Amino acid sequence: MAVRRSESSTNRIIVKDCIEALKGLPDRSVDLVFADPPYNLQLASDLLRPNNTRVDGVDDAWDKFSSFAEYDSFSRAWLAEARRVLKPDGAIWVIGSYHNIFRLGATLQDLGFWIQNDVIWRKVNPMPNFRGKRFTNAHETLIWAGRDQRSRVTFNYESLKALNDDVQMRSDWLFPICSGPERLKDQGGRKAHPTQKPEALLHRIMIASTKPGDVVLDPFFGTGTTGAVAKRLGRRFIGIERDTDYAKAAEERIAKVVPLAPAALETARSKRAEPRVPFGTILELRLLEPGTTLLDPRKRIRAEVKADGTLKHNGEQGSIHRMGAIVQGKTACNGWTFWHFEADGKLKPIDLLREQAKRHLGLTAAAAVQSQQ
């Protein structure tokens, strides 16, 4: 399938060598790259179980390179093209094992990518170490990087926190390896692809670092996990896969996916995107009167509101944030959530007054963005 440099259609599979296909994609046309490149396992012989049965591991031709130098050259070539097709605020996720992830990390930095995080995918059901000569290899590493240091990459912090029961999402993720009905099989009942990734892993990545409608590129598409999850979550995808059997399996798999309704794709709004309302505005709108006493959540600390929007406590005077930090002996504090006022016999955070002020002023996140442009 020939691909032209100007071609920008999405939701398609390009059956071609990844580097050649990448060269046919337009500059700055992709929001996110997810890449699961060859591991370069360097297997010298079959891996056997204690009963001498052969382990169905990765021994395919696409995973074999003559040397580290050849693998590094291949990695640099496809990563350079991936960086070219990324938008200025685009990002990449690369997954690998100890065999290749450190080489990929160095190449990413050499090419100008800016690493945001590494994430450990801990497998709850890893393949055991049959020879008993090493630790059971129970994890893979993902590297998340922006196109460059200036990239303002998408990170849906609030969505991830909600996904994790209102606790900050950590960089160690617990998922099972792909198995059961999700694992694609060929006509002989064997695994259709030896390194098929679980959809749960791609779901989290896309919720974390994309928005509905974004274009996600997978240059090692395999049997289409990235495309299946992208379609379900309302993202667009471009898959590159040189193996026709893998590409066919991916196409059939994705055709069965039912996209979620647009309303179900709404993500939690970032606090940073909301319009800024200073504490002084609360006083100007008379939602709170100067002289009012504010308290900490346990009613142990009291501070008086002044007409200029400052608080006073034990001779110290400053902003709601500065005074919140001082009374706690901390270097920083979110005064909106720390300080409370009494109303109707109940203690309420002053953040509620900020929301009232936004409604009073007719402010929305969209209006705030427009005012900054």
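**Loops, helix packing and cysteines**

Student: At 52% relative accessibility, does Arg28 count as buried or exposed?
Tutor: Relative accessible area is judged with a 1.4 Å probe on protein chains only, so that under 20% is buried, over 50% is exposed and anything in between is partly exposed. Because its relative accessibility is 52%, Arg28 counts as exposed.

Student: What kind of model is this?
Tutor: Residues are numbered from 1 along each chain as its sequence is written, and side-chain values use heavy atoms, with hydrogens and water left out. Local features need pLDDT of at least 70 and side-chain atom pairs count only at pLDDT 80 or more, while totals for chains, interfaces and linings use all residues, since this is a predicted model.

Student: Where is Arg28 found?
Tutor: Arg28 has a positive phi, near 50°, although this residue is not glycine. Helices here are DSSP runs of H or I with at least four residues, strands are E runs of at least two, and both are numbered from the N terminus. On that numbering, Arg28 is found in the loop between α1 (18-23) and β2 (30-35).

Student: What is the relative accessible area of Arg286?
Tutor: Arg286, again a residue other than glycine, has a positive phi near 60° and is placed in the loop between α8 and β9 (293-295). Arg286 is exposed, because its relative accessible area is 62%.

Student: How are α5 and α6 oriented to each other?
Tutor: Axes are lines fitted to C-alpha atoms, for helices over the stretch in contact, and the angles run from 0 to 180 degrees between N-to-C directions. Helix α5 (residues 199-209) and helix α6 (residues 225-232) pack at about 55°, with their axes 9 Å apart. Under 35 degrees would be roughly parallel, over 145 roughly antiparallel and 65 to 115 roughly perpendicular, with the rest oblique; the two helices are therefore oblique.

Student: How many charged residues are in the contact of α5 with α6?
Tutor: With contact meaning heavy atoms within 4.5 Å, Glu199, Leu202, His203 and Met206 of α5 meet Thr225, Thr226, Ala228, Val229, Ala230 and Arg232 of α6. Nonpolar covers Ala, Val, Leu, Ile, Met, Phe, Trp, Tyr, Cys and Pro, charged covers Asp, Glu, Lys and Arg, and the others, Gly among them, are polar. By these classes, this contact has five nonpolar residues, three polar and, among the charged, two.

Student: What handedness does the crossing of α2 and α3 have?
Tutor: Helix α2 (residues 68-85) packs on helix α3 (residues 101-110) at about 45°, with axes 10 Å apart, and the pair is therefore oblique. A crossing is left-handed if the near helix is turned anticlockwise from the far one by less than a right angle, and right-handed if clockwise. The crossing of α2 and α3 is right-handed.

Student: Which elements do the buried residues of α9 pack against?
Tutor: In helix α9 (residues 320-328), the buried residues are Ile320, Met323, Gly324, Ala325 and Val327. These buried residues pack against α8 (279-284), β11 (311-313), β12 (316-318) and α10 (335-338).

Student: How many disulfides are found in the whole structure?
Tutor: Cys18 is buried at 6% relative accessible area, and Cys333 is also buried, at 16%. A disulfide is taken as a pair of cysteine sulfur atoms within 2.5 Å. The number of disulfides found in a search of the whole structure is zero.
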